[in-house]
2 protein chains.
Amino acid sequence: MAEVLEEHGTDRWNFSHLPEVVVFAECRDDVVTVMKFANERGIPVTTRGAGVGYVGGCVPVEGGIALSVARMKSVVEIMPEDGVVVTQPGVILKDLQDAVSDLGWYYPPDPASLNECSIGGNLATNAGGPRCLKYGVTKNYVLGLEVVLASGEILHIGGRCHKNKTGFDLLHLFVGSEGMLGVITEATLRIIPHPQTRAMLTATFPEFVDAAAAVQALLNAGHLPSALEITDEFTLKAARAYLGENSLRPGKAHLIVEIDGRAKAVASELKELEEVINGVGALSIEFHADEEACEQVWQLRRDFSYSLRATGLTKLNEDIVVPRSKLVELAAFAAGLEE
Amino acid sequence: MAEVLEEHGTDRWNFSHLPEVVVFAECRDDVVTVMKFANERGIPVTTRGAGVGYVGGCVPVEGGIALSVARMKSVVEIMPEDGVVVTQPGVILKDLQDAVSDLGWYYPPDPASLNECSIGGNLATNAGGPRCLKYGVTKNYVLGLEVVLASGEILHIGGRCHKNKTGFDLLHLFVGSEGMLGVITEATLRIIPHPQTRAMLTATFPEFVDAAAAVQALLNAGHLPSALEITDEFTLKAARAYLGENSLRPGKAHLIVEIDGRAKAVASELKELEEVINGVGALSIEFHADEEACEQVWQLRRDFSYSLRATGLTKLNEDIVVPRSKLVELAAFAAGLEE
């Protein structure tokens with residue numbers, strides 16, 4: 001009992017506040033009952049999905065009820081004919097993506113926690129990942145929502161049409177609202193045809209500024225990668241210390257360029273990308289020709305995270321955004337903070 | 001004077017109501033002045049862009065002030081390094097797209113009126129066109145807005161980062177709000193690398209249901225076209241009567257499949273598409289290998305519109321949406337209405 005309270009009083013960060021009680025909703029009507037009960041009595045309610053956030057969003061700082069939707073974990077319907085999946089909020093993102101991709105379809109949003117985060121949390125935080133460059137964030141895939149308001153009223157907003165623009169956009173107001181406007185009990189999400197394959201080019205550069213120049217050059221050459229990531233010198237040092245000096249080619253910046261599409265298209269684009277990347281002075285270029293090879297690189301990328309922890313320094317996960325042209329300035333600023 | 005009032009009392013449809021006065025705002029502060037003046041006196045204000053809508057959105061049904069932003073037509077800034085264009089609301093969509101594409105960049109939303117509609121109207125109506133299948137509608141490209149509220153207060157919402165998810169999404173509440181929440185005086189829009197080329201496959205089918213099956217088949221095979229359009233039997237009859245029997249291959253349904261991307265990728269995907277389309281029993285297939293050939297097909301498509309007018313029947317433009325699986329049912333329903 002104490003363990004359950006404790007578990008629902010925190011997330012992946014180190015901040016915690018115990019709820020008075022944890023309620024495990026198993027259906028929408030459970031949520032309605034809780035909200036009516038709490039609303040009439042002025043009891044705080046903090047909704048919780050998988051609880052794997054890093055910013056305290058699901059921590060019940062006011063005490064009261066921790067309302068878990070983790071048991072509402074059914075994929076209600078997958079309908080490729082409409083390009084739609086209907087899901088409960090407790091479904092783990094990876095499970096949803098797998099179910100959809102088994103039918104040859106694709107739900108692109110890819111936060112780093114995709115193996116353990118739930119759709120409800122994705123909606124509450126408008127989650128996105130590296131693929132957002134080409135595919136956008138969670139919001140771009142939300143077609144309809146069923147929401148229980150603080151009063152216990154049930155709201156159905158949006159629908160299942162991909163193009164639906166009538167009236168004020170209340171639907172997307174709920175996405176990213178961090179549970180403050182209501183409890184999402186069902187979501188209708190857009191799915192798209194699954195790209196046939198993906199491939200990757202990785203490169204190292206003398207300096208961060210060269211990797212940033214490579215990003216600008218390849219976008220300017222008309223390429224829209226499915227993912228782009230630059231790793232800075234500090235992280236590379238940690239990775240070489242943790243994974244071995246030869247785990248990464250020499251260089252002070254590392255760039256991942258992932259593309260997807262038809263198999264033949266991807267192969268020829270990879271060659272075009274090589275030319276662009278060589279043109280901005282890469283120290284080394286490697287190719288990763290298929291899904292499996294790409295996954296190995298992403299695994300390496302995740303190992304960077306463990307490498308940073310292994311430095312013994314305190315690691316805080318915080319996402320920040322800057323306009324693309326400010327990347328170099330940002331890296332210089334961050335390097336300055338190290339001193 | 002009377003002409004100016006009349007011109008600003010209607011749109012492209014046949015409904016009209018005269019304003020008492022037309023104000024041509026030339027900058028944001030003009031808009032502020034008008035809104036303060038009108039708000040203090042309870043005078044209705046109807047904002048107007050290019051005035052080329054078909055549903056009366058810019059018709060000043062309450063009289064009062066027609067507030068035109070047509071003279072606010074500067075593209076303020078194009079910055080590919082940030083993937084951003086900043087524009088005033090009176091800029092014509094085509095001019096914006098051309099300015100961006102001259103630099104090798106792309107602003108995808110493509111309502112049929114793109115040669116004459118303005119960005120302000122696009123934002124007010126959340127405009128979209130055939131490309132929304134792959135690229136989404138106007139909303140997906142809005143990063144930041146400057147809005148003058150009814151009170152005359154100036155609101156700056158959003159910014160210029162492509163991924164920016166902090167706080168309630170008031171930004172997108174304004175997109176598609178039909179001028180009812182405020183007057184948009186500046187917009188920061190997302191641009192993406194321009195696809196290298198595009199190409200097209202057109203096909204005719206025995207029946208509408210076959211063309212709809214082709215759409216499902218090609219999406220299920222993992223293709224995500226940049227545009228898809230089906231034309232029904234009634235329209236094809238009108239087109240053959242107006243443009244000549246040989247303007248179109250035989251068949252009761254016509255399908256346009258446009259794809260875009262790298263030149264080599266597009267060429268090989270076209271062959272894959274041919275196989276899929278043949279597999280569902282097309283009567284004829286034609287290829288259109290480059291931008292110019294694609295534009296010829298879109299011109300033919302626009303001629304369909306004139307063909308319908310030439311039938312002598314009253315033509316009402318109305319957009320409707322249904323889930324993709326209901327296309328056949330919709331066509332049958334529409335055919336039923338003809339009787």
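The exercises below treat a chain interface and a pocket.

This is a predicted model, in which local features need pLDDT of at least 70, side-chain atom pairs count only at pLDDT 80 or more, and totals for chains, interfaces and linings use all residues. Residues are numbered from 1 along each chain as its sequence is written, chains are lettered from A and ligands numbered from 1 in the order in which they are written, and side-chain values use heavy atoms, with hydrogens and water left out.

**Exercise 1.** Describe the contact of chain B and chain A.

*Solution.* Step 1: with contact taken as heavy atoms within 4.5 Å, chain B contributes 56 residues and chain A contributes 56 residues.

Step 1: the buried area (accessible area, 1.4 Å probe, lost on putting two parts together, summed over both) is about 4300 Å², and carbon and sulfur atoms give 56% of this area. B:K163, B:F168 and B:R262 supply 16% of the area that chain B buries against chain A, more than any other three residues.

Step 2: a salt bridge requires a side-chain nitrogen of Lys or Arg within 4 Å of a carboxyl oxygen of Asp or Glu. The rule finds four across this interface; B:D169 and A:K139 form a salt bridge at 2.4 Å, N to O.

**Exercise 2.** Which residues line the second largest pocket?

*Solution.* Step 1: a pocket is an open set of points on a 1 Å grid over the protein atoms alone, where a 1.4 Å probe fits, with protein on both sides within 12 Å along at least five of seven lines; lining residues have an atom within 4 Å of a point.

Step 1: the lining consists of A:E207, A:F208, A:D232, A:E233, A:F234, A:K237, A:K252, A:A331, A:A332, A:A334, A:A335 and A:E338.
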